[in-house]
Amino acid sequence: MMNNFVIIPLLIPFVVGVVLIFFKDNIKLQRIISTISLIATTGFAAYLVQLVYKEGILTHKLGNWDPPFGIILVADMLAALLVLTASIVALCCILFAFRSIGEKRERFYFYPLVHFLMVGVFGAFLTGDIFNLFVFFEVMLMSSYALIVIGGTRAQLRESLKYILVNVISSALFVITVAYLYSVTGTLNMADLSQRVAEVNQPGILTTIGVLFFIVFGLKAALFPMYFWLPSAYNAPPPVVTALFGALLTKVGIYSIFRTFTLIFYHQPEVTHQLIGYTALLTIVIGTVGAIAYNDMNKILIYNIVIAVGVIVYGITLTTPAGIEGAIYYLIHDMIIKAALFLLGGAIIAITGTSKLKEMGGLIQRHPQLGWMFFVAVVSLAGIPPLSGFVGKFLLVQGGLESQSYTFVIVLLVSSLMVLYSAMKIFMNCFWRAPKLTEEQEKGSTKGILYPSAILLAISIFLGLGAEVVFPYISMAAETLMDPSIYIESVLKE
């Protein structure tokens, strides 16, 4: 009976997304249904985390077909934590959209699209089958294609072509790589794949297939050199869509790298994990250069996504529990804080009508609440204690030192300073300089749009100050990643 809770985070947004299509012109009802839906999803996701903590890994067999022949959903602690975090982010973004996205976009199926996007995100986290990982990626991407052009501005249409082209190519490579994997192993169930790859000690053909998977997931996670599409594509849609994308979409790619290279392709780390490590370091460096080079708020925040992707992905190469725990902790932190920053950035744009730092100034005088909330988000992003970013980075530094990854530790610490500099550049230009706009010249207000960011910042503060409460869950997630037999036994048990 408990296993049925695994599918609920998928069912709620799917059913509600379909229902919302029929209320296209009733914006108020769409808002109410969407809010209730995501509150319920968040509640069930929190309960699922507790169930996994108490009962261990939960599985749900679709059609009651036993693995490896049937489709299976698997909720281990990592998947459950990410489903909960994604639910909270989606709820806050929906609440922000009420007063920011505009009725025109709301009527263009915004709320159904967000729900279908979440079906893809949740499904990718929960699937135990690598082909269905591809399927859920496509569900997520189809929704994102519509969301990135919603509103139909020239910039959105231009950048969406690049975004769609990159993802179509990566999806084609994904399904080809899955076909190669099936032709070699005869199975697509992740637990069964882990056993079969271990039996033959991952020969060269399987290592090559693993590298192809890394290229696919690296494209979707925006790793170097595949990051090129992200800065301009994420800069085009409205802030709430950018917040959803920045907090969730790249993280699905990161999760896929973690899952496949800890469960399946972990036998030749001198090839696969070394490639992952170098790529992650280059990603951090490129992201850092981008973040300090631009004087546009959106571009700075978007390049900070790139930095975080590199930091988290490097965690897979760290061979100690502290390193893996740090990567998981930082992944959850980054989902929360990136959503908060983009929503706060959206509030700034609502007031000033621009994202260019040169055209901002003095907002702290009339908007002190917004200013200090942004400051707290910046401090958390940079990893200043006692907020959530510090805990994750501290564990990553500890893991890096224990596994003698000194280059990573140096790059991480230097990039943290650059992150602080880039984000403080926004804060100083936007809030502390002489005012650029009078009260009458302001384009809009912050009425009703700061509450979602406040929720996310409160969670970030809790993840920092309440680390002792959260850490047992993180430790359990890391243990499953470091010991594939836990996952295998839970999925393939009779």
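Q: What makes F131, F134, F137, F174, F213, F214, F217, F261 and F265 a cluster?
A: Ring pairs link these residues; rings of Phe, Tyr and Trp (its six-membered ring) pair if their centres lie within 6.5 Å. The model is predicted: local features need pLDDT of at least 70 and side-chain atom pairs pLDDT 80 or more, while totals for chains, interfaces and linings use all residues. Residues are numbered from 1 along each chain as its sequence is written, and side-chain values use heavy atoms, without hydrogens and water.

Q: Why is the aromatic pair of W372 and F427 called tilted?
A: The angle between the planes is 45 degrees; planes under 30 degrees apart count as stacked, over 60 as edge-to-face and the rest as tilted, so this pair is tilted. The centres lie 6.1 Å apart.

Q: Why does W372 count as partly exposed, and why is F427 called buried?
A: Buried means under 20% relative accessible area, exposed over 50%, and partly exposed in between (1.4 Å probe, protein chains only). W372 has 44% relative accessibility and is therefore partly exposed, whereas F427, with 2%, is buried.

Q: Why does S144 count as buried?
A: The relative accessibility of S144 is 0%, so this residue counts as buried.

Q: What makes the link between the side chains of S144 and Y163 a polar contact?
A: The separation is 2.8 Å. A polar contact is a pair of N or O atoms within 3.5 Å; within protein, one must be able to donate a hydrogen and the other to accept it, and residues adjacent in sequence count only if both atoms are side-chain atoms. The pair of S144 and Y163 therefore counts as a polar contact.
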